[in-house]
Every structure is written in C-alpha cells, then in structure tokens.
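Work through the exercises below with the sequence and the 3D view open. Each task is followed by a solution in steps.

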Amino acid sequence: MKEDTLELADGVEEREENLEEAKGSSPRIMAESGESGKCPLKRSCSSDDEDQRPIKLPRISSPSSELSDVKRVHASCLKTSTDPDPEPGCSKDYVVYNSGASHEVADHKDTLTSDSQSSKQDADEESTLPVELMNLSDDVLLIIMSNLKPSDLLNLSSCCQRLCRVASDWSLWIDVDFRPHKLLEGQLQRFLPFLSDTTERIATRGFVASRPMPRWRTECLSTELLSSIATECPNLLSFVAEEHCIDANKVKISAFPSTIEHLSLKACEIINPPTESSYFNCICRHLPHLKVLELTDCKWLPPHSIMALSKLKHLEELRLDGCSLIKDCIAYASLAFKLGFSQLKVLDLRRTGVSDSELSCLNRSNRLTHLYLEYPHNNGADSNDNGAPRACHLPGIISDLGLRSLVISDKPHVLFNNAQFGIVSEEIHVMAPLKDRVSLCKLHTLVARNFKLVTDATLNELHFAQSLRYLDLKGTQITHHGAETFRSSRPDVTLITSYDDEFA
C-alpha cells in the first residue's frame, strides 16, 4: 500500500508541473481554468480528420483521494473480471495484462487452426489432380523405367528428347532380356545404340518353337549382328540364344563374343552342320573364358562333340539335358574325362542315352560335385522271358553297377570289351571286400531317376561316399526298409525316394 501511495504522489507532482507550464504560456486559459477547474487545451495537429474537442484533465486532488479512487477502480475491475484469481505475489495490474495476453493467444490459435485446415484442404485438392509423367524428376522416371521391357524403353525413347535421354541410361541396359518377344534381326539392330560397355547379359529367343510352321526356320542371328554386339558390349559376360535356327555355314562358333563366360543355346536348331568335325570345333580358342555351357534339348548334338567341349579349360558347368544323340560314346567319354574337363563341377545328362559304360568314365574327374541322371522314359528297363533284367550296357540303362563305379574303386579289373571301338575299360565294377574299397567320390549331389535296375545295393555302396549330401532316387527299386537303413547310417544325407510321397 505504501508503494502504491508513493506512485500516486509522483503522478500528482507530474500533473502539477504540467499545469504550471501551461499557466506560464497562456494566462487566459489559466483564468478560465480557475473558474471552471478545467484546462481546455487544443491538439497540436490541426488536421480536419482528428477530433477538435478539448482534452479534459482530471481534477487535482490530494494523494489520499487519488488512492481511494484507484482502490474503487480496482475493486470494480475485480468484480466484473471473469479471469481466474491471480497467483500469490502477483499484482492486479499483472492480472489485467495476463488476461489480454491470453485472449491474444487464443485468437492466434484460432488463426493457425483455420490456416492448417485451409492448407490441408488445398493439399487434398492437389492430391486428386492427375500426375503428369513429364512433371516427375529424372530419378523417379528412372525407377519407373527399370520395371519396363526393352521394347517399352524403345517406344518411350521416341517420344521426346528428355525421355530418350533417361531411357538411354546405362543402368537400364546392364541385363537385357528380349525373350518376352520374338524379334527378327532388323528389330534387334534397333537396340544397338542403347547397349554400352556396361551391358553384361543379353538374352534372345527365336521361332523354333513354332514348328512345324515354315516360320521356325527364320534366322534371327547373323554374323554381322553378333559382331556389332561384341563391339558395343566389350564386357559382355552372358549370351542366351534360345529356340533359334542357326545356319552353321553362316554363323560359326567363332562369331559369338569372345568375352562371354556363359553361353546358352537351349532348344536351338543347327542346320547344315559340318559332317567331318563338330560345330564346336576350336571352341576353346574362340571362347577361352567360357565357364557355363547350356545345350538343353539340342537334339542335333553328336556324341563326338564331347571331345571338343572337353578342351575348355575353365568350363565348370555343362548342361546336356535332352540331347538324345549322346549315347554309345564310351570312346569319347573315356578320352574326354581322362584328358579334359579339368574344372568340370556340374554335369547334367538327364534324358540322354548314357548308360553304365559312360558312367564308368566319370570317376576320372576328381572335381565333379553335381551329377544329374534321368531315364528318357518312365518304363525303365525291359526284362527277358525269365524276368531277369537285360544287359545293363544298353543305351540309357543305368543300374547298381554304374552308380557303384562313381564312388568305389578296387584293384584294376576288366569290365567288358567294347568290340565296336576296340577299347577295354579299366574301371572296377566287381564287388570287392570292404578293406579294399576306396572312395573316389567327390559328389555332393547325385540325381538318378526312373532307373528300374537301381536297388538297395546302390545305397549300400553310396554309404562310403563321405562328401555326398543330397541323393534323389525317385522311380527306382529302392525299398522303404533300405531307405530307412541308409538314413539311420547317414543322417547327414538328404535322401529322396518314391516312398516319401506315400508316407508323407
């Protein structure tokens, strides 16, 4: 209270000083003020827009009366105010100021809420608008184009310069697969400007599957096209040519890019093949880096081609699935696996005419880890009148004797004399005592399906193949008892038999 009284006294002194200044400047005004107690001062600005009425000054009174008036004003404000009670220690002037500030904050919040609602409404309206392709950035366009086929990229590149520039990006042409469409030579040449030194894989498909229609003989690959691909793609690693008709007189094996490590001629048809040599003659010189060769369903492949293929120094995988002419080739197989195939790991001989005679040559390859065998038909081997199986050296017939030769070797014995080639096999197929058996097997995976001459005796011999981990003998004469006995002795081997489906 004392502080408030001092503040009011100071205010009264300031008013008195102001009145004295006004008295010295205008005696007439002071005379009139003495009669009425008012001081009709005019504003300094004589503008017509402002109020020209005189300013009324409060009557000068004593500090005690001023203090009582202030108390009455504060009391009336407290009665009429709807704001909460002030915290202890806060003055009443703070309460009035805080009330005004709270109203300002509330108004600001309402403004922000309305602005956010309007912005959200604008965003919703924008989201409903269609997105134009050309409004997207190059990075987004690149992601979209990475899911398109080469033919779609070619069509987009002809729209405008920007789409042509994005569609020509090197990342879209690393792995080029044309197989969804059958393209002619002229159509394939349209893609050459998009290929570069970053292209690593190219896959194409021809018209052989449309046989017997005359179009199956359409030649889509030429020496000029292969030479252009080799020039545009100096780092090409894989070339896949499926279902193509290739004229051996026009397209030789030397026409393929020399940098490739993977070559696939799946279901291709070679017309006019050489009669005195193999189509793959000197392949080791023309394709020195080749590691994977797929010749699936190449029914034209002669058995003497094995000799040419065996000279590939880096060949690790050879697929001959469905090459029906690969049979009665003990002479070529013996020399090929003795002098060549130094790095061969995977060999696929399914649906071929390979028999026990050829299998006896495979144990010469000490790097072979995966071997796939399957009888071309599901009827298995025929039997004679007495019910005994016929000779196991017939084409396509594999028995316990042939599978045993893959893993077990004894002292040298003569198995048979092949009068056709004049070659005597040195492989062991005679059961020997356990103490004389040596495991030559490096096989990790062995598949031999639909051979009716394969019995539980094979499981007894494969027990000694320490590296074996996967064994598939579906369609054979393996019994449930023999399979369970093998599983108990070799739990580390996954055995697949025909009984698994019955007892599942």
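A residue counts as buried when its relative accessible area is under 20%, and as exposed when that area is over 50%. The model is predicted.

**Exercise 1.** Decide whether threonine 199 is buried or exposed, and describe its surroundings.

Solution. 
- Step 1. Locate the residue: threonine 199 sits in the loop that runs between α8 (185-189) and β2 (201-205).
- Step 2. Apply the cut-off. The relative accessibility of threonine 199 is 0%, so the residue counts as buried.
- Step 3. List the contacts. Leaving out residues up to four places away in sequence, threonine 199 touches Trp173, Ile174, Val176, Cys233, Asn235 and Leu236.
- Step 4. Look at the polar side-chain atom. A polar atom of the threonine 199 side chain is 2.8 Å from the backbone oxygen of tryptophan 173.

**Exercise 2.** Find which residues of helix α16 (residues 480-489) are buried, and where they lie around the axis.

Solution. 
- Step 1. The buried residues of α16 are Gly482, Ala483 and Phe486.
- Step 2. These residues cover an arc of only 100° around the axis, which means that they lie on the same side of α16.
- Step 3. His481 and Ser488, on the other side of α16, are exposed.
- Step 4. The cover over the buried residues of α16 includes α15 (456-462), β16 (470-472) and β17 (494-496).
- Step 5. Now take helix α14 (residues 400-407), which is mostly covered, with seven of its eight residues buried. Among the buried residues of α14 are Asp400 and Arg404.

**Exercise 3.** Describe the largest nonpolar core, and say which residues have the most contacts inside it.

Solution. 
- Step 1. In soluble globular proteins, nonpolar side chains tend to be buried together.
- Step 2. Here the largest nonpolar core has 95 residues, and Phe239 and Phe280 have the most contacts inside it.
- Step 3. Helix α12 (residues 330-339) gives the most to this core, with four residues.
- Step 4. Phenylalanine 280 touches Ile253, Leu265, Leu295, Trp300, Leu301, Ala308 and Leu309, again not counting residues up to four places away in sequence.

**Exercise 4.** How many cavities of 30 Å³ or more does the structure hold, and what lines the largest cavity?

Solution. 
- Step 1. The structure holds six cavities of 30 Å³ or more.
- Step 2. The volume of the largest cavity is about 110 Å³.
- Step 3. Its lining has 14 residues, of which Ile306, Ala333, Phe337, Leu347 and Leu349 lie nearest the centre.
- Step 4. At least two residues of the lining of the largest cavity come from each of α12 and β9 (346-350).

**Exercise 5.** What percentage of the residues in the protein is buried?

Solution. 
- Step 1. The protein has 17 helices and 17 strands.
- Step 2. Of its 504 residues, 36% are buried.

Conventions: Residues are numbered from 1 along each chain as its sequence is written. This is a predicted model: local features need pLDDT of at least 70, side-chain atom pairs count only at pLDDT 80 or more; totals for chains, interfaces and linings use all residues. Side-chain values use heavy atoms; hydrogens and water are left out. A nonpolar core is a set of buried Ala, Val, Leu, Ile, Met, Phe, Trp, Tyr and Cys residues joined through side-chain atoms within 4.5 Å. Buried means under 20% relative accessible area, exposed over 50%, partly exposed in between (1.4 Å probe, protein chains only). Contact means heavy atoms within 4.5 Å. A polar contact is a pair of N or O atoms within 3.5 Å; within protein, one must be able to donate a hydrogen and the other to accept it, and residues adjacent in sequence count only if both atoms are side-chain atoms. The arc is that of the directions from the helix axis to the C-beta atoms. On a 1 Å grid over the protein atoms alone, a cavity is a set of points where a 1.4 Å probe fits but cannot get out, and a pocket is an open set with protein on both sides within 12 Å along at least five of seven lines; lining residues have an atom within 4 Å of a point. Grid points are joined across faces, edges and corners, and a volume is the space filled by probe spheres set on the points.
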